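Hello,

Here is the structure I promised to pass on.

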Amino acid sequence: MSADQPHSAESQQRSVTRLTPRSSATSAVEVRRSARRSRTVSAYREGDRTIVLIPARMSEAEEQRWVTVMLDKLAAQESKRTLGDAELTERAERLSEQYFDGRARPTSVRWVTNQNTRWGSCTPAEGSIRLSHRLQGMPEYVVDYVLVHELAHLLVPGHGPRFWRLLEAYPRTERARGYLEGVVAADRLPHLPAARGE
């Protein structure tokens, strides 16, 4: 897989394919077919969209299979990236600008290892945000959701209607909450003993 950008818009046919949430961490996938491509398939993120570049001769079934493969590869790459505290702070600042017009201004944003029952916490009086280390390795949209959630607490301390209205600005709120609920549910499943001989 490579992340090469398309060379010529004229050699591209564009189609937008909507995929199920299970298949994609993003809301839309744009497939671009190219007569120049003979065998290679590549993909990259462009904002809230994933671009998948495929040969023009591919069938629709092959296209769907390759889109799924490339989305899985991108998700695996993204889950390996771990942000440091400085990068986490920069990300929080960008998210505040994007969703709250820069009104949520944290004084510190950092990872902590002592939060095992919550994903994040915020102390509005101090302006500090702490994220659980358990989020490291989760998809970026999930980490972003927790950051946006805690940033919203800098503007509205509780979980009342005004707080949830603020979170409506983040388009992946429901998907991220579903992902985190799934993680919690998986942790509660009974662990089966290993079979003999393993």
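This is a predicted model: local features need pLDDT of at least 70, side-chain atom pairs count only at pLDDT 80 or more; totals for chains, interfaces and linings use all residues.

Residues are numbered from 1 along each chain as its sequence is written, and side-chain values use heavy atoms, with hydrogens and water left out.

Let me start with helix H2 (residues 85–100) and helix H3 (residues 140–155), whose axes come within 9 Å and cross at roughly 70°. That makes H2 roughly perpendicular to H3 (a label for angles of 65 to 115 degrees). Axes here are lines fitted to C-alpha atoms over the stretch in contact, with angles running from 0 to 180 degrees between N-to-C directions. Helices are DSSP runs of H or I with at least four residues, strands are E runs of at least two, and both are numbered from the N terminus.

On the H2 side, the residues that meet H3 include Leu-88, Leu-95 and Phe-100; their partners in H3 include Val-143, Leu-147 and Leu-151. Contact means heavy atoms within 4.5 Å. By class, this contact of H2 with H3 has eleven nonpolar, one polar and three charged residues (Ala, Val, Leu, Ile, Met, Phe, Trp, Tyr, Cys and Pro count as nonpolar, Asp, Glu, Lys and Arg as charged, and the others, Gly among them, as polar).

H3 also packs against helix H5 (173–188), at an angle of about 105° and with the axes 9 Å apart. H3 and H5 are therefore roughly perpendicular to each other. Tyr-141, Val-142, Tyr-145 and Val-146 of H3 make this contact with H5 residues, among them Tyr-179 and Leu-180. The classes there are seven nonpolar, one polar and two charged residues.

What gives the most to the lining of the second largest pocket? H3 does, with five residues. Strand S6 (120–123) and H5 each supply at least two. The lining divides into eight nonpolar, five polar and four charged residues.

Best wishes

Methods:
Angles under 35 degrees count as roughly parallel, over 145 as roughly antiparallel, 65 to 115 as roughly perpendicular and the rest as oblique.
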